[in-house]
Amino acid sequence: MARSTSLVQRGTGKARKGLSLRSIPRSPVIANVAVALLALAIWLGGSLSSVAEAAPAGTPFGSFEAAVGVAGGISVKGWTIDPSTADPIYVWVTVDGVGRHAYADKTRADVGAGLPLYGPRHGFSTVLGASPGNHDVCVTASNVGEGSHQPLGCRSVTVRTGSPFGNYERAVGGAGVVTVSGWTIDPDANGPIYVWITVDGVGRHSYAGTNRDDVGAVFPGYGSGHGFWSTISVSPGTHQVCVTASNVGAGSHRPLGCRAVTASPASQDLRATSTLAAAWASDRCETGAMVNRRVLSHSTPVNARAVDAYAALDRVLRATGYTAGWTWAYSCRVIAGTDQYSLHAYGLAVDVDPTENPHQSPTSWPVRFSSASTREGRAADVAAGQADTVFTPAQAGAVESIRTVDGLQVWAWGGRWRTLLDTMHFQINVTPEELARGLDPSTTG
Ligand SMILES: [Zn+2]
């Protein structure tokens, strides 16, 4: 008995070695004998384990970990093991006394690590249909072999229905844009819904599907994908910005509120590249001052003192729905046709999708945006020479709206330059000391 236990506890690989199977020629018959010996060893080991001694002989044990209301039902989770076998067993789950079986064969690495004799395949996770209201949910582990069925407990669960709910958290005015954010859940939807955002009464839909772990923690049956973050192009001045959650199933649309928001003119605070280069002079072509960071599509060296600014640029552009095909930041080089170093040589500038955001000189000012509603349409306008960038005004404005805690514009866009247009190009617009004071979190996604 003791020998069998030690064989199994040292793992199946060593058990095979202990049984000297490696010296036996392979054949189906021998393989089956090996499996049978292994199962016997597991059974012997299981009956001797401290876990099994804690439970009545042969009776299953486990944990009914959670039961939460989801759209149209109840999600039930936990794990169970019958000491008579290493195989998965069933649980009997009842809602208000009406039951059904669920197979507890989901992989639970934590259970397998804690009870290696039985392996990891002992989790159950199932959704039972249930009407809106309060319900009693009970789980019983179904015994096999010796022992008897074991109740794992009961929980009271509320299944919600009706109108969406949520929170319109912020509306922030930026450079030619307003950015609206918050979260919403419809209890009848097993996933994200839309919000309807109006600026001075003119509306558009926005998908409320960005990750919000804090919301998911409070409403665990609904997942975490319930955030909205929308940057909208507006004229300078004060605007009334309202958000309504769009209902699914029972209930009706739910207004989440209105805010008055003031937007500044687009990108008004550009500094000369020579001024910025002087402020960051010690980092010029210093690879030791760079760290690798993923910025949109690519990992690229960036100035170590600007990593927060790069992370914010990455977040706000993603939040506008922009997907990049190519990005690059650090490059020790001068500006073409001059002896002045580019801010790329300081790790303080990033280029995004050069073929769709072309460098043009000479050109007319201001930048021409495409009015096409799709990325493909905007790219076609650029290719035809009818627009200068694939970015929308809101996408450029979202980056330009990133501010330091004291309100300084962190990123300048090459699409605002008067002498040439470099719409692929964003560069840091503040000194190291100004950037070190930190970013305004309401502007960084
Ligand atoms: Zn550039």
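**View 1. Helix H8 against helix H10.** The axes of H8 and helix H10 (residues 393-400) come within 9 Å of each other and cross at roughly 155°. Axes here are lines fitted to C-alpha atoms, for helices over the stretch in contact, with angles from 0 to 180 degrees between N-to-C directions. H8 and H10 are therefore roughly antiparallel (angles over 145 degrees; under 35 is roughly parallel, 65 to 115 roughly perpendicular, the rest oblique). The contact joins Leu313, Val316 and Leu317 of H8 to Gln395, Ala398 and Val399 of H10. Contact means C-beta atoms, placed from the backbone, within 7 Å. Five of the contact residues are nonpolar, one is polar and none is charged. Nonpolar covers Ala, Val, Leu, Ile, Met, Phe, Trp, Tyr, Cys and Pro; Asp, Glu, Lys and Arg are charged; the others, Gly among them, are polar.

The model is predicted: local features need pLDDT of at least 70, side-chain atom pairs count only at pLDDT 80 or more, and totals for chains, interfaces and linings use all residues. Residues are numbered from 1 along each chain as its sequence is written. Helices (H or I, at least four residues) and strands (E, at least two) are DSSP runs, numbered from the N terminus.

View 2. H8 covers residues 307-319. Its 13 residues should span 18 Å at 1.5 Å a residue, and its end C-alpha atoms are 18 Å apart, which agrees. The expected span is 1.5 Å times one less than the number of residues. Buried residues of H8 are Ala309, Tyr310, Ala312, Leu313, Asp314, Val316 and Leu317. Buried means 20 or more other C-beta atoms within 10 Å of the residue's own, exposed 12 or fewer, partly exposed in between, with C-beta atoms placed from the backbone. Just after H8, glycine 321 has a positive phi of about 95°.

View 3. Eight of the eight residues of H10 are buried, so the helix is largely enclosed by the rest of the structure. Among them are Pro393, Gly397 and Glu400.

**View 4. Aspartate 200 in its loop.** Aspartate 200 lies between strand E11 (193-199) and strand E12 (202-208). Its phi is near 50°, a positive value in a residue other than glycine. Aspartate 200 counts as exposed, with 12 C-beta neighbours inside 10 Å.

**View 5. Cysteine 285 in its loop.** The loop runs between helix H7 (273-279) and strand E17 (290-295). Cysteine 285 is not a glycine, yet has a positive phi of about 55°. Cysteine 285 is partly exposed, with 14 other C-beta atoms within 10 Å.

Terms used: Contact = placed C-beta atoms within 7 Å.
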